[in-house]
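Hi,

Here is the structure I promised to pass on to you. Have a look at it first, and then read on for what turned up in its pockets.

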Amino acid sequence: MALRNSYEAYGAMARLFHWLTVICVIAAWAIGMFRGELPEGAARATAMFVHFNLGLAVLALLAARVAWRLADPAPPMPKTPLGRMGEIGAAAAHGISYILLLAVPLIGIAIVFARGRPLPLFGLAEIASPMAVDRDLANMLKPWHGLLAQALMLFAFLHAAVALVHHFVFRDPTLRRMIGPAPERP
């Protein structure tokens with residue numbers, strides 16, 4: 001598989017960034033949703049440590065994706081029965097997804113800092129909170145973090161559903177561009 005995108009498909013790097021992001025988002029969401037089911041203490045603290053670091057990984061992957069996209073533009077969208085409206089819808093959905101991929105972890109970081117806690121950096125270091133403890137701010141941000149995380153999961157689900165519709169109903173190459181082998185560049 002080619003490292004870079006071809007005219008017909010995404011290359012290995014774009015696919016790697018995409019699928020690692022999928023894994024990190026789903027895992028972070030699941031921990032966030034079910035952390036209350038864990039017993040107080042070490043199990044919950046460990047889960048939240050993993051949750052924080054998955055959020056940081058999402059930010060790092062997003063930065064890498066954007067940088068890679070600037071260096072290696074996406075292949076052109078294939079023609080579909082949805083025409084120009086489909087292209088506009090796809091661009092809008094991708095834009096909203098990228099905004100959510102940025103906003104959810106950033107709000108999570110703001111919550112950690114508003115609680116006066118340091119932000120763990122993959123167990124290697126910590127960033128001390130740059131702000132005074134503000135529990136009211138943390139409590140105000142927490143529902144937004146959850147709501148936007150749910151919106152991100154909804155967009156991810158819709159993204160996957162639309163890809164499957166393209167594959168099984170329209171029978172176009174939209175899904176194969178991200179999961180099939182990328183043709184080698186000439």
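The lining of the second largest pocket divides into 22 nonpolar, 7 polar and 6 charged residues (Ala, Val, Leu, Ile, Met, Phe, Trp, Tyr, Cys and Pro count as nonpolar, Asp, Glu, Lys and Arg as charged, and the others, Gly among them, as polar). This is a predicted model, where local features need pLDDT of at least 70 and side-chain atom pairs pLDDT 80 or more, while totals for chains, interfaces and linings use all residues. Residues are numbered from 1 along each chain as its sequence is written, and side-chain values use heavy atoms, without hydrogens and water.

A pocket is an open set of points on a 1 Å grid over the protein atoms alone, where a 1.4 Å probe fits, with protein on both sides within 12 Å along at least five of seven lines; lining residues have an atom within 4 Å of a point.

The second largest pocket holds about 810 Å³ of space (the volume filled by probe spheres set on the points, which are joined across faces, edges and corners). Its lining has 35 residues, and Gly 32, Met 48, His 51, Phe 52 and His 145 lie nearest its centre. Helix 2 gives the largest share of that lining, 9 residues (helices are DSSP runs of H or I, at least four residues, numbered from the N terminus).

Now for the largest pocket: its volume is about 1400 Å³. Among its 48 lining residues, His 18, His 94, His 159, Ala 160 and Ala 163 are the closest to its centre. Here helix 4 supplies the largest share, 12 residues.

Happy exploring!

Note on methods
Helix = DSSP H or I, 4+ residues; strand = E, 2+ residues; numbered from the N terminus.
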